[in-house]
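Trainee: Could you pick one part of this model and take me through it closely, step by step? I would also like to know how each term is defined.

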Amino acid sequence: MTSVKKQTQVRLEESVLAAGKAAAAARRLDFNKYVERLIVEDTTGARAAGMTAAQRLIDEHGGFLDDLEQQLDAPYADPLPGAAA
């Protein structure tokens, strides 16, 4: 089954277009596919469900993740003044 795609024109601020193209490239998508995905995620509720799940994870495990991040960053922290290098 093939879908018929319709062409449309969207006018964006230059900075918004650049940010969109960079986001698409970071996801290894062409810009049109990226925009299509954003629209589908927004209109189907998939994005909202993902954001809700992410917030729940942060609410339930945020303290643990913060502590873990501090432990992982500790070896790279700036040495205290006067400490041997």
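**A close look at the surface and its charged links**

Mentor: Let's start with a nonpolar patch on the surface, formed by Leu57, Phe64, Leu65, Leu68 and Leu72, which together have about 480 Å² of accessible area. A patch is made of residues with over 30% relative accessible area and no salt bridge, where like charges are joined within 9 Å and nonpolar side chains (Val, Leu, Ile, Met, Phe, Trp, Tyr) within 5 Å. The areas come from the Shrake-Rupley method with a 1.4 Å probe, and for residues only the protein chains shown count as cover.

Before we go on, keep in mind that this is a predicted model: local features need pLDDT of at least 70 and side-chain atom pairs count only at pLDDT 80 or more, while totals for chains, interfaces and linings use all residues. Residues are numbered from 1 along each chain as its sequence is written, and side-chain values use heavy atoms, with hydrogens and water left out.

Leu65 sits in helix H3, which covers residues 46–73 (helices are DSSP runs of H or I with at least four residues, strands are runs of E with at least two, and both are numbered from the N terminus). Its relative accessible area is 38%, so Leu65 counts as partly exposed (buried means under 20%, exposed over 50%, and partly exposed in between, with a 1.4 Å probe and protein chains only).

Now for the charged links. The structure holds two salt bridges (a side-chain nitrogen of Lys or Arg within 4 Å of a carboxyl oxygen of Asp or Glu). In one of them, Lys5 pairs with Glu36, and their closest N and O atoms are 3.2 Å apart. Lys5 lies in the segment before helix H1 (14–26) and Glu36 in helix H2, so this pair ties together parts that are 31 residues apart in sequence. Lys5 is exposed, at 58% relative accessible area, whereas Glu36 is partly exposed at 34%.

Glu36 also meets the side chain of Lys33 in a salt bridge, at 3.8 Å from N to O. Why are these two about one helical turn from each other? Lys33 and Glu36 are three residues apart in helix H2, so about one helical turn separates them. Lys33 is partly exposed, with a relative accessible area of 38%. Put together, Lys5, Lys33 and Glu36 are linked in a network of salt bridges.

Helix H2 (residues 31–44) turns up again at the largest pocket, where it gives the most to the lining, with six residues. About 480 Å³ of space lies in this pocket. (On a 1 Å grid over the protein atoms alone, a pocket is an open set of points with protein on both sides within 12 Å along at least five of seven lines, a cavity is a set where a 1.4 Å probe fits but cannot get out, and lining residues have an atom within 4 Å of a point. Points are joined across faces, edges and corners, and the volume is the space filled by probe spheres set on them.) The lining has 14 residues, and Lys6, Thr8, Val10, Asn32 and Val35 lie nearest the pocket's centre. By class, six lining residues are nonpolar, four polar and four charged (Ala, Val, Leu, Ile, Met, Phe, Trp, Tyr, Cys and Pro count as nonpolar, Asp, Glu, Lys and Arg as charged, and the others, Gly among them, as polar).

One backbone detail is worth a look too. Arg28 is in the loop between H1 and H2, and its phi is near 55°, a positive value in a residue other than glycine. Most residues other than glycine have a negative phi. Arg28 is also exposed, at 80% relative accessibility.

Finally, some distances. Asp78, in the segment after H3, has its C-alpha atom 36 Å from that of Ser15, 63 residues away along the chain.
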